[in-house]
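Open the structure in your viewer and get ready to select residues. We will go stop by stop.

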Amino acid sequence: MSNSSSITEFLLLPFTDTRELQLLHFALFLGIYLAALLGNGLTVTAVACDHRLHTPMYFFLLNLALLDLGCISTTVPKAMANSLWDTRAISYAGCAAQVFLIVFLFSAKYSLLTIMAYDRYAAICKPLHYGTLLGSRACAQMAAAAWGSGVLTGVLHMANTFSLPLCQGNAVDQFFCEIPQILKLSCSQAFLSEVWVLVSNVFVFFGCFVFIVLSYVQIIRAVLRMPSEQGQHKAFSMCLPHLAVVSLFLSTVMFTYLKPPSISSPFLDLVVAVLYSVVPPAVNPFIYSMRNQELKVALNKVISLTFFTAGKLLICLHN
C-alpha cells in the first residue's frame with residue numbers, strides 16, 4: 001500500500017516496450033506535434049496580421065488555435081520524451097500540472113466551441129443584429145469567460161483530485177495524467193467528492209451540447225428558407241468546419257467517458273485518448289482552412305512573407 005504523501009512520481013502507460021517501436025512512436029508524435037504547431041501558429045499569425053480577418057468568427061478561431069496549441073503541448077512533449085528516453089516517470093507536481101492544464105484547456109475549448117455556435121447562429125439567423133450581438137466588447141467578454149471558466153474548473157478538479165489519499169500504487173493507465181485513471185488509485189469511497197464534481201460538470205457539458213444542437217437546428221431551418229442556392233452554399237460553408245470540429249471533439253470525449261466498463265481496456269483507452277487529445281489540435285487548422293477562401297489567402301500571404309524574409313536573411317548572412 002502507498003499513500004499520497006509518500007508518492008513523489010507517477011508511472012505513465014507506455015505505448016510499447018519494444019525499443020524500435022518507441023522510437024517510431026516518438027517520430028510519429030513529433031510529426032503530429034510539428035504539424036499542430038505549424039497549422040495553429042499560422043492561423044494565429046494570419047488572423048492577427050490581416051485586418052480583413054478582424055471579425056468575431058476569426059477572433060474566436062484565433063482563441064481556438066491558441067487553446068489547441070496548449071492542449072497538444074500539455075500531453076505530447078512528455079509522451080515523446082518518455083518514448084525517446086525509455087522511461088515512464090512523471091513527477092507528482094508534473095502530474096498535477098497536467099491535470100490542471102488538461103481540464104482548463106479542454107473546458108475552455110468546449111465553452112469556446114459553444115460560443116462559436118452562437119456566433120454562427122447570430123450571423124445566419126440574426127444578420128441585421130449581428131453587429132450588436134457580437135460587438136468587439138461582447139466578443140472579448142465571451143472569450144474571457146471561456147478562458148476564466150476553464151481556469152476555475154481546472155483549479156477545482158486539480159485540488160479535488162490531489163487531495164485524495166492514494167492507496168493503489170502510482171501506475172497510471174494512460175500516457176498522460178487523466179483524472180479517471182488517477183481516481184482508480186484512490187482509496188475506496190475517498191473519490192466520491194471528485195465524482196460529484198464530475199457529475200456537476202456533466203450537466204454543464206450536456207447544457208452546452210443542447211445549446212449547440214438547438215443553434216444548428218435553427219441555422220439549418222434558416223438556410224433551407226434561403227431563396228438562392230449560392231446563399232445556402234455560403235452559409236453551409238461557414239458552418240461545416242465548426243460542425244466538423246465540434247463533432248470530432250464531442251464524439252471522442254463522449255466515447256472516452258461514457259463507454260461501458262465492459263469494453264474498456266488499457267489499449268482502447270490509449271487509442272481513444274490519442275483521438276481526443278492529439279488528433280483534433282493537429283487537424284483543426286486544416287478543417288477550418290479547407291473551405292475558407294479568406295483564411296487561405298491570409299495563410300498564403302503569411303507563408304510567402306515568411307519565405308521571403310527567410311530568403312533575404314540567408315542572403316544577408318551569406319554576404
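**Stop 1: the whole chain**

Keep in mind that this is a predicted model. Show the protein chain as a cartoon. There are 11 helices and two strands in it. Follow the chain along its sequence, and the pattern reads β-α-α-β-α-α-α-α-α-α-α-α-α.

The C-alpha trace of the protein chain spans about 70 × 60 × 35 Å along its principal axes. How does the radius of gyration fit a compact globule? For 319 residues, such a globule would have a value near 20 Å; the protein chain has 22 Å, which agrees.

Of the 319 residues, 43% count as buried. Look at the contacts too. Take those between residues at least 6 apart in sequence: 78% of them join residues at least 24 apart.

**Stop 2: helices α3 and α8**

Two packed helices are described by the angle between their axes and the distance between the axes. Select residues 92-125, which form helix α3. The axes of α3 and α8 come within 11 Å and cross at roughly 155°. An angle over 145° counts as roughly antiparallel, so α3 is roughly antiparallel to α8. The crossing of α3 past α8 is left-handed.

Show the side chains where the two helices meet. On α3, pick F106, K109, Y110, L113, M116, A117, R120, A123 and I124. On α8, pick A235, M238, C239, H242, V245, V246, F249 and L250. Sorted by class, the residues of this α3–α8 contact are 14 nonpolar, one polar and two charged.

**Stop 3: helices α8 and α10**

From α8, the contact uses P241, H242, A244, V245 and L248. From α10, it uses P280, V283, N284, I287 and Y288. By class, the contact of α8 with α10 holds eight nonpolar, two polar and no charged residues.

**Stop 4: D269**

Select D269, found in helix α9, residues 266-277. Is D269 buried or exposed? Its relative accessibility is 9%, so D269 counts as buried. Leave aside residues up to four places away in sequence, and D269 touches Q174, Q181, K259 and S264. D269 and F175 are 94 residues apart along the chain, and their C-alpha atoms are separated by 9.6 Å.

**Stop 5: T55**

Move to T55, in the loop between α1 (19-49) and α2 (56-85). T55 is partly exposed, with a relative accessible area of 31%. Now label C139. The C-alpha atoms of T55 and C139 are separated by 9.5 Å, while the two residues sit 84 residues apart along the chain.

**Stop 6: D86**

Finish at D86. Where does D86 lie? D86 is in the loop between α2 and β2, residues 89-91. Check its backbone: phi of D86 is near 55°, a positive value in a residue other than glycine. At 49% relative accessibility, D86 counts as partly exposed.

How values were computed. Residues numbered from 1 in each chain as written. Predicted model: local features only at pLDDT ≥ 70, side-chain atom pairs only at ≥ 80, totals over all residues. Heavy atoms only, no water. Contact = heavy atoms within 4.5 Å. Helix = DSSP H or I, 4+ residues; strand = E, 2+ residues; numbered from the N terminus. Nonpolar A, V, L, I, M, F, W, Y, C, P; charged D, E, K, R; others polar. Rg over C-alpha atoms; globule rule 2.2 N^0.38 Å. Buried < 20%, exposed > 50% of the residue type's maximum accessible area, 1.4 Å probe, protein only. Axes fitted to C-alpha atoms, helices over the stretch in contact; angles between N-to-C directions. Parallel < 35°, antiparallel > 145°, perpendicular 65-115°, else oblique. Left-handed = near helix turned anticlockwise from the far one by under 90°.
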